[in-house]
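Subject: Structure handover

Hi,

Here is the structure for your files. My notes follow below it.

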Amino acid sequence: MSVSPAQRFVCVHGHFYQPPRENPWLETVETQDSAAPYHDWNERITAECYAPNGAARIVDGKNRILRITNNYARMSFNVGPTLLSWMQEKAPLTCAMIRDADRLSQRQFGGHGSAMAQIYNHIIMPLASTSDRETQIVWGIADFEHRYGRKPEGMWLAETAVDLESLDLLARHGIRFTILAPHQCARVRPLPGADAPAAMAAKTHATKAEGAATAAGGKETPDTDWKDTPDASVDTTQPYLVRTSPGHSIAVFFYDGPVSRAIAFDGLLNSGELFAERLMGGFRESDRPQLAHVATDGESYGHHHRHGEMALAYALQLIEEGDAKLTNYGQFLANFPPTQEAEVVENSSWSCFHGVERWRSDCGCNGGKAGWNQKWRTPLRQALDWLRDCVAPLVRDATSALLTDADSARNDYISVILDRSQSSVDAFFARNSIRTLTAEERVRALQLMELERNAMLMYTSCGWFFDDISGIETVQIVTYAARVLELAAALFPETRGVLEKSFTDRLAEAKSNEPQWRDGRYIYDEAIRPMLVDLEQVVAHYAISCVFPRAGESSIMERDRLFCYSIAHLWETTLPYGLGQLRLGRVRICSVLTEECEEAAYGLLHFGDQNVSAAVKRVEAGEQEGLILLAKEIEDAVDASNLTEVVRLMDDYFGESRFSLTSLFADEQRRIVKSILDPAMQSLETALTDLYSSHASLLHFLGRSGLPRPAALRVAAQFAIHAQLRRAMEADPIDVAAVERLLAQAREDAVVVDHPTLGYLADERMHAAMERLQQTPSDPEAVRHALSLATALKALPFTLDLWQAQNIWYGLSPRVVGEGKALRDDFLALGTALNIRVDRHAKPVP
């Protein structure tokens, strides 16, 4: 007996997630060189996966675009809260596409959005304390409601790591369903009355998942009815009811394991047709409604598998055109409640054959590096557990003296994490403080909450997932532990130094496979301790950056925010000294996170380029007389050209502490070094271009004669030709003839052309032209300008990334094609130049 097409449904779930990567002292993601050429891994994976899935291409046999579609709107997905937080600031268009997709999916799937919530920062729930589990769920739900404007129906468990307590907490917080791997099902049995027509025809779902059992008769089923499901043999085409505690239950969908593995590991995304075929092959011989569904890391669609988002888009289109229907879990559960009950395998997960051992022991699950072990996992978790258990009672007692309920306050702190504005913080204290707190008490309360936040971030699962304790994910979670230690030392002075020593002693037991990194304590000392930031270092960063303002800034003093610190500029004087300068100033700096504020004086000597030295001293609020007197004495020393006296005066006032360019935070350090290098590089480029121009004919002769070219002339040719190519690409319009001539010259002189950089320049030009068109889509000149540029670029031998330009064209097409014939013809010609099949063009279907 086969299922009718009307009863066949397909759902693809993507778990889109990145661990928190922010420096906990700056609340920003710093440069990660391993993600080059991108700034960091979030940015790289957004470009390769998250953004492309919001505008996925379906193409014809000549690779021309037929349709651009938002994959998120047709699939089920969860995006980790810490990733969405980063996206909101750094990739707002991608973030908007994801939110739009949830709204579109509600229209397509009977009011059920495709977005699922996620445990807040991806901790392994069975290994967490009950209070941490509770907060992870509360924060995950609050974050979801903040971003999507509705309550979540489902929630993703990190690594699908599950036990009954975690499921019970989900159910108690109103979560209707979750997704697990098929091997996580222990046994199943029919619900009472499951074969009754009423149960099969149910079209609504009770407020709680156990309503399905009640509607079916509410009778107990004998234990003898249980059927074991060894070796992932559970029927994955239907949902199951899991009773978690008296009066509470949750629905569980066990995904199709073989097809999910084929997506992730077996190259199934090489073909959209084969992908659709495998999905459609997931149905069983039965006349009941069935759901063929898969779940993988969302990064499979574009990051792990290039163009995987295109395979997904085409597969979903084929399914829509076939005899099955796309759905999401919320819609399927509402229309077809569970008729079977299940029990889960306690302490199991989707990515560890040994349950949850991958996150606490050397279980054998790893990346497969020969000769390596993961014995470091156990002492790492033990060290973190010890730290948590040491600070937890101290934090609880201290919190109870300020806030009405420690657990409720921590759960409510997500409102501040989502909105750091003064009004949000004030509202948090209005809801939670036992009385009106003083400024010092507010600082203490916020420090306690930040300690709690970092104490959960340090359990992010990625810290144990990979092969070595020296990996960036593991270093990141230990960095959060270092922030916990710092806050504990500030809050509880009796622990200063004691907790850190005991913690690092425990880390010393975690041995690295990389000889140069030795063990966890060495990594802490060498890689993490230098990251610690105090207010003096922030002031030094501010003072040094004043000398090197960004483009468009006359001074850094135009800023009132530096990372997660607010800066109030109170006073400054600048004294010229030869080709350099000397600055003295005073600022008030406040932590946006904890409201801790200090006033500080700074002095700075700059003698050109990288030769800069700064000193910082905390001062009493309002103190300025000493600084003004110092300025007068230094001015006299400057007038007398007495540098020794200047240095002595600085030392007397500020002490011996000094900061230099190396003291700057990583991104700003690189920006300033580039600003110093750029003029030097331009001078060098000019000199080498002149050298090449003077000797080009000689270089040509040597090449034609087969004689060796001098290294100096080869270098000159490299610089000169690239400089001229760049200028030709930046000309308006692009000088195509010059580009072609220079490329031929490069071939003759054996110059390796930097195609990626030139392609990037071309992409930027095209994007700018399309943005101009987007502002004035009915302007014939804007259309002609974009068409001329696209035509010129198409003639050049560079690999172009026209993704953004194509998206803009596709979005404008419904408006522009209805305009006058001349404008319409030029616009369609522009689409053709952008590799869009305009005769088959259609508006994106939601």
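Asn 63 is partly exposed, with a relative accessible area of 46%. The classes are buried under 20% relative accessible area, exposed over 50%, and partly exposed in between (1.4 Å probe, protein chains only). Asn 63 sits in the loop between strand E2 (56-59) and strand E3 (65-69). Its phi is near 65°, a positive value in a residue other than glycine. Helices (H or I, at least four residues) and strands (E, at least two) are DSSP runs, numbered from the N terminus.

His 122 also has a positive phi, near 65°. At 1% relative accessibility, His 122 counts as buried. The loop between strand E5 (115-118) and helix H4 (130-148) holds His 122.

Ground rules: this is a predicted model, where local features need pLDDT of at least 70, side-chain atom pairs count only at pLDDT 80 or more, and totals for chains, interfaces and linings use all residues. Residues are numbered from 1 along each chain as its sequence is written, and side-chain values use heavy atoms, with hydrogens and water left out.

Next, the cis peptide bonds. Ala 36 to Pro 37 is cis, with omega near 10°. Pro 37 lies in the loop between strand E1 (8-16) and helix H1 (41-54). Asp 732 to Pro 733 is cis too, with omega near 5°. Pro 733 is in the loop between helix H25 (711-730) and helix H26 (736-748). For background, most residues other than glycine have a negative phi, and most peptide bonds are trans.

On confidence, the chain averages a pLDDT (the predictor's confidence in each residue, from 0 to 100) of 92, and 94% of the residues score at least 70. Over residues 196-218 the pLDDT is below 50; this stretch has 41 contacts in the model beyond near neighbours in sequence. Residues 842-846 also have pLDDT below 50, with eleven such contacts. Contact means heavy atoms within 4.5 Å.

Now the whole chain. It has 30 helices and 19 strands. Of its 846 residues, 56% count as buried. The C-alpha atoms fill a box of roughly 100 × 75 × 55 Å, taken along the principal axes. Among contacts between residues at least 6 apart in sequence, 72% join residues at least 24 apart.

Last, Arg 496. It is found in the loop between helix H18 (472-491) and helix H19 (498-507). Leaving aside neighbours within four places in sequence, Arg 496 contacts Ala 489 and Ala 490.

Best wishes
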